[in-house]
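Here's a quick tour of one protein model. Have a look at the sequence and the 3D picture, then read on.

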Amino acid sequence: MICALASAVCFGTASVFQAVAARDTSPGSGSGVDARLLLRVLTQWRYLLGLALDGLGFLLELVALRTLPIYTVGAALAATLAVTAVVAAPVLGVRLRRAEWLAVGVVCGGLALLALSSGAEGHRAGTPALRIGVLVFAVAVLAAGALAGRLSDRSRAAVLGLGSGFGFGVVEVAVRLIDGFGPADLLTNPASYALLIGGAAAFLLLTSAFQRGAVTTATAGMVIGETLGPAVVGVVWLGDRTRDGLAPLTVAGFALAVAGALALARFGEAPATAAPDTDTGTSTDADAGTDTGTPASPPDSTTVPAERP
């Protein structure tokens, strides 16, 4: 559980740095699967730092997935959005409001319930049909992501974020479907290819989502995609169970963790812009409703635009 939570911290922090780097990079082809955009952001040190954190987070996630049920790891990774919101405050110059701190607390409470009630990972082996199905789904995510790039900016981030979540969900399930890590085992197992394709699709889609959409909007879609589907696969096909008599506690913890994370999708990622006073040339603070007495400054190019309800 410690590895799962540490993984969420790595992923959530990486999301902020990668989003800022993506915004500073000119778009490539405009597709949701934009390889040229990925090559350009790789020249940004903040994106490389994010990748390093992603790599560390993935290793920690592997340890957690080999020990805990998928639904527990998935809910822990839902805390990625809470971490993103908290880290975005100092990095992007915004502040968390009371409702957002409450949502962070709900996520933590849900994870605490899961830690108390989840059992060990299921030991049921995945069928060959499941392995092939996961590979087919990974390819479908990659293809759908290319089409999603044509959507409008507002829906683009949410859909691409959801697609990236499906890709990361493929990774979670594929890890459980890999029985051995020898060369022969990996090359003959469709789950190995599903892991690579799903992971690549997730990174491509999430990078495209970050460039034109709000960080938390994209991450909220990712949370849905990487928690619900894999949790069902783990329970139905891989034998994941809860501790005896604590199933209701597990369901409540899972629901709280995901709901709290999704509530943070309303988090405004940039400070409210100051509206210029046409009479004085000064700006008025949008939150306090008071005249700041200072000229409005141009927005920083690295600031992620706010999502307002």
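Predicted model: local features only at pLDDT ≥ 70, side-chain atom pairs only at ≥ 80, totals over all residues.

Helices (H or I, at least four residues) and strands (E, at least two) are DSSP runs, numbered from the N terminus. Residues are numbered from 1 along each chain as its sequence is written, and side-chain values use heavy atoms, with hydrogens and water left out.

- Ala-76 is buried, with a relative accessible area of 0%; buried means under 20%, exposed over 50%, and partly exposed in between (1.4 Å probe, protein chains only).
- Beyond its neighbours within four places in sequence, Ala-76 is in contact (heavy atoms within 4.5 Å) with Ala-4, Leu-5, Ala-8 and Leu-111.
- Ala-4 sits 72 residues away from Ala-76 along the chain, yet their C-alpha atoms are separated by 5.9 Å.
- Gly-229 belongs to helix H10 and is partly exposed, at 37% relative accessible area.
- Between Gly-229 and Gly-74 there are 155 residues in sequence but 9.5 Å in space, C-alpha to C-alpha.

**Helix H5**

- H5 covers residues 98-117, and its 20 residues should span 28 Å at 1.5 Å a residue; the end C-alpha atoms are 29 Å apart, which agrees. (The expected span is 1.5 Å times one less than the number of residues.)
- Its buried residues are Glu-100, Ala-103, Val-104, Val-107, Gly-110, Leu-111, Leu-114 and Ser-117.
- They cover an arc of only 160 degrees around the axis, so they are on the same side of H5; the arc is that of the directions from the helix axis to the C-beta atoms.
- Arg-98, Leu-102 and Leu-116 are exposed on the other side of H5.
- What do the buried residues of H5 pack against? They pack against H1, H4 and helix H11 (247-263).

**The second largest pocket**

- A pocket is an open set of points on a 1 Å grid over the protein atoms alone, where a 1.4 Å probe fits, with protein on both sides within 12 Å along at least five of seven lines; lining residues have an atom within 4 Å of a point.
- The lining of the second largest pocket has 20 residues, and Phe-11, Asp-54, Phe-58, Phe-168 and Phe-203 lie nearest its centre.
- H9 gives the largest share of that lining, 5 residues.
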